[in-house]
Amino acid sequence: MQKQHVLIVEDENKIAEIIRKYLKLEGYESTQAQSGDEALTLYHQVNPDLIVLDVMLPDMDGIDICKRLREFSEVPIIMLTARVEEVDRLMGFEAGADDYVCKPFIPRELVARIRAVLNRTQRSSEQKVLRTGRLMLDISQYKVTVDSVEIKLTQNEFSLLKVMISTPNRVFSRQELLTATQGQSIDIYERTIDTHIKNLRKKLNQVAPNSNFIESIYGIGYKLIDSGG
Ligand code: CA
C-alpha cells in the first residue's frame with residue numbers, strides 16, 4: 001500500500017521538523033511548505049492526503065489559505081493555532097477545516113488526530129450505503145429510510161445521522177457532531193446540534209412511533225441505538 005502523504009504548512013522549521021519526525025515513525029510521508037504560496041504550489045505537486053496548516057504564516061493567513069483550498073479541494077485540513085480564542089477556532093471550521101490543534105501541542109496527539117481525520121474521511125468516501133438494523137442511509141442518493149420508509153432530512157440532519165450511523169452505540173460529543181456538519185452550515189454553535197437532533201428524532205418517530213433511535217448522554221452528546229431503543 002502506498003504511504004499516505006501529509007503536507008505541513010508551517011514557517012517555523014523546528015516545529016515542522018518535529019511533526020515530520022513523528023509522522024515518519026508512524027509510517028506517513030510528509031512535505032513542508034513554509035508559506036501560503038508554497039503550500040498552494042506543493043498541493044498540486046504532491047497531491048497530499050491531508051494538510052496540517054498553521055494559522056500564522058509570513059505571507060497569508062492560514063484561514064485564508066484554507067478557504068482558497070476549499071474552492072477546489074476536499075482534502076482534510078487540520079489547523080494549528082496559537083490563538084486560543086474560541087472565535088479563531090470557529091473561524092477555522094467555518095473556513096472548512098476538519099479539526100484544529102492548539103499550540104503548543106504534543107506531537108503524538110497531533111499524529112493521533114491526523115490518523116483519526118484520515119480514517120474518518122476515508123470511511124465516508126468508501127462506504128456509500130450505511131445500514132443498521134432499521135435504518136439505511138444512502139450517501140450518493142442522499143436518502144434515508146426507517147423500516148424501509150423514506151424520510152426527508154435537511155442537510156444538517158443528514159450529516160448528523162451519517163456520523164452516528166457510522167458507529168452505532170458510540171457516544172458522540174456535541175463538538176464531534178459539530179465538526180461533522182461543518183462546511184454545510186453557517187450555524188456553527190454546539191447548541192444548534194440539540195435543535196437538529198430534536199427535529200431528527202421527530203422525523204424518525206413519525207415513521208417509527210415509540211422508537212428511540214437517538215439517546216442523549218447527559219453533559220456529553222448523543223449516540224445512535226441501532227435497534228431503535
Ligand atoms: Ca507559523
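Predicted model: local features only at pLDDT ≥ 70, side-chain atom pairs only at ≥ 80, totals over all residues.
In strand 8, the residue standing opposite Met-136 is Thr-145. Residues are numbered from 1 along each chain as its sequence is written, and side-chain values use heavy atoms, with hydrogens and water left out.

Helices (H or I, at least four residues) and strands (E, at least two) are DSSP runs, numbered from the N terminus. Two strands pair if DSSP finds at least two bridges between them.

Strand 7 pairs with strand 8 in the antiparallel sense over four bridges. On another side of the pairing, strand 6 (residues 129-131) runs antiparallel to strand 7, joined by three bridges. There, Arg-131 stands opposite Met-136. Strands 6 and 7 form a hairpin with three residues between them. The hairpin of strands 7 and 8 has four residues between the strands, and Tyr-142 takes a positive phi near 55° in it.

Is strand 7 covered on one face or on both? Both: Leu-135 and Leu-137 on one side, and Met-136 and Asp-138 on the other, are all buried. Buried means under 20% relative accessible area, exposed over 50%, and partly exposed in between, with a 1.4 Å probe and protein chains only.

Next, the core. A nonpolar core is a set of buried Ala, Val, Leu, Ile, Met, Phe, Trp, Tyr and Cys residues joined through side-chain atoms within 4.5 Å. The largest has 26 residues, and among those touching the most other members are Leu-135, Leu-137 and Leu-161. Helix 6 gives the most to this core, with six residues. Leu-161 touches Leu-135, Leu-137, Val-144, Leu-153, Leu-200 and Leu-224, not counting residues up to four places away in sequence; contact means heavy atoms within 4.5 Å.

Now the aromatics. Rings of Phe, Tyr and Trp (its six-membered ring) pair if their centres lie within 6.5 Å; planes under 30 degrees apart count as stacked, over 60 as edge-to-face and the rest as tilted. The whole structure holds two such pairs. In one of them, Tyr-142 and Phe-158 are stacked, at 4.2 Å centre to centre with 20° between the planes. Tyr-142 is in the loop between strand 7 (135-138) and strand 8 (143-146) and Phe-158 is in helix 6 (residues 155-166), so the pair ties together parts 16 residues apart in sequence. Phe-158 counts as buried because its relative accessibility is 5%, whereas Tyr-142, at 38%, counts as partly exposed.

Last, the calcium ion. Which protein atoms are its donors? They are Glu-10 (OE), Asp-11 (OD), Glu-12 (OE), Asp-54 (OD) and Met-56 (O), 2.1 to 3.2 Å from the ion. Donors are N, O and S atoms within 2.8 Å of the metal (3.2 Å for Na, K and Ca); water is not among the atoms, so sites may look incomplete. Along the chain the donors follow the spacing E-D-E-x41-D-x1-M. Glu-10, in the loop between strand 1 (5-9) and helix 1 (13-25), and Met-56, in the loop between strand 3 (50-54) and helix 3 (62-70), are 46 residues apart. Glu-10 counts as buried because its relative accessibility is 0%.
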